[in-house]
Amino acid sequence: MMSGRVKAGLFVLLAATSTTAADKPQPLPKTTQGDWVAVAVEFCGQRPPADIVRKYKVIVEADVIVLGPLNMADGKFNAEGEPCKARYEQNPKASPKAIDLILKDGDAEYRMLGIYAADGNQLKLCWQHDGKARPTEFKTNAEPTQMLLVLERAKP
């Protein structure tokens, strides 16, 4: 027969190691998964030229988002380089809905805190690069470094 102390210790161990569906990151709804194209982009309060915006693509999968590419060098935007692949975690109960993009740099991981809104064939994503705060609205300012995407479902 187990002593009360052993039972309590076993319960604490089981409680600490068990996970529920609520503990696991949830994918974005299936209605938001798939291929998207940018119709508007804003980076630190600036908008890239329309020809650069049209090149920006996003793929939303059940556990990752593939973004871009979009770069800014010497004050000019370009769509050169490789797309960025990020894991994500989202909270649809937050207001506005919250999403964290989780990027890897070697062995290190860092988060960019963001918000999202999905409405039919439009998806908006806005995030702050430093991971210190989450935007509260769908717009960007020069500081801190933020990005806003307004996306439409890609046509097959």
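Pocket, pairs and contacts

Modeller: The lining of the largest pocket divides into 14 nonpolar residues, three polar and one charged. Nonpolar here means Ala, Val, Leu, Ile, Met, Phe, Trp, Tyr, Cys and Pro; charged means Asp, Glu, Lys and Arg; the others, Gly among them, are polar. This is a predicted model, where local features need pLDDT of at least 70, side-chain atom pairs count only at pLDDT 80 or more, and totals for chains, interfaces and linings use all residues. Residues are numbered from 1 along each chain as its sequence is written, and side-chain values use heavy atoms, with hydrogens and water left out.

Colleague: What is the volume of the largest pocket?

Modeller: A pocket is an open set of points on a 1 Å grid over the protein atoms alone, where a 1.4 Å probe fits, with protein on both sides within 12 Å along at least five of seven lines; lining residues have an atom within 4 Å of a point. Points are joined across faces, edges and corners, and the volume is the space filled by probe spheres set on them. For the largest pocket that gives about 360 Å³.

Colleague: Which residues lie nearest the centre of the largest pocket, and which elements give two or more residues to its lining?

Modeller: The lining has 18 residues, and those nearest the centre are Leu70, Asn71, Cys84, His129 and Met147. Elements are DSSP runs numbered from the N terminus: helices (H or I, at least four residues) and strands (E, at least two). Those giving two or more residues to the lining are strand 3 (64–68), strand 4 (71–73) and strand 8 (108–119).

Colleague: How many helices and strands does the chain have?

Modeller: From the N terminus on, the order is α-β-α-β-β-β-β-β-β-β-β-β. The count is two helices and ten strands.

Colleague: Is Asp100 buried or exposed?

Modeller: Asp100 lies in strand 7 (residues 97–105). Its relative accessible area is 12%. Buried means under 20%, exposed over 50%, and partly exposed in between (1.4 Å probe, protein chains only). So Asp100 is buried.

Colleague: Which side chain makes a polar contact of 2.9 Å with that of Asp100?

Modeller: A polar contact is a pair of N or O atoms within 3.5 Å; within protein, one must be able to donate a hydrogen and the other to accept it, and residues adjacent in sequence count only if both atoms are side-chain atoms. The side chain of Asp100 has such a contact of 3.0 Å with that of Arg111. The 2.9 Å partner is Arg134.

Colleague: Which residues form the aromatic pair, and at what angle between the planes?

Modeller: The structure holds one aromatic pair. Rings of Phe, Tyr and Trp (its six-membered ring) pair if their centres lie within 6.5 Å; planes under 30 degrees apart are stacked, over 60 edge-to-face, the rest tilted. This pair is edge-to-face, 6.5 Å centre to centre, formed by Phe43 and Phe77 at 85°.

Colleague: Why does the pair tie together parts that are apart in sequence?

Modeller: Phe43 and Phe77 are both buried. Phe43 lies in strand 1 (residues 34–43) and Phe77 in strand 5 (residues 76–78), so the parts tied together are 34 residues apart in sequence.

Colleague: Which backbone nitrogen lies 2.9 Å from a polar atom of the side chain of Asn91?

Modeller: Asn91 is in strand 6 (residues 84–91). At 35% relative accessibility, Asn91 is partly exposed. The backbone nitrogen is that of Lys93.
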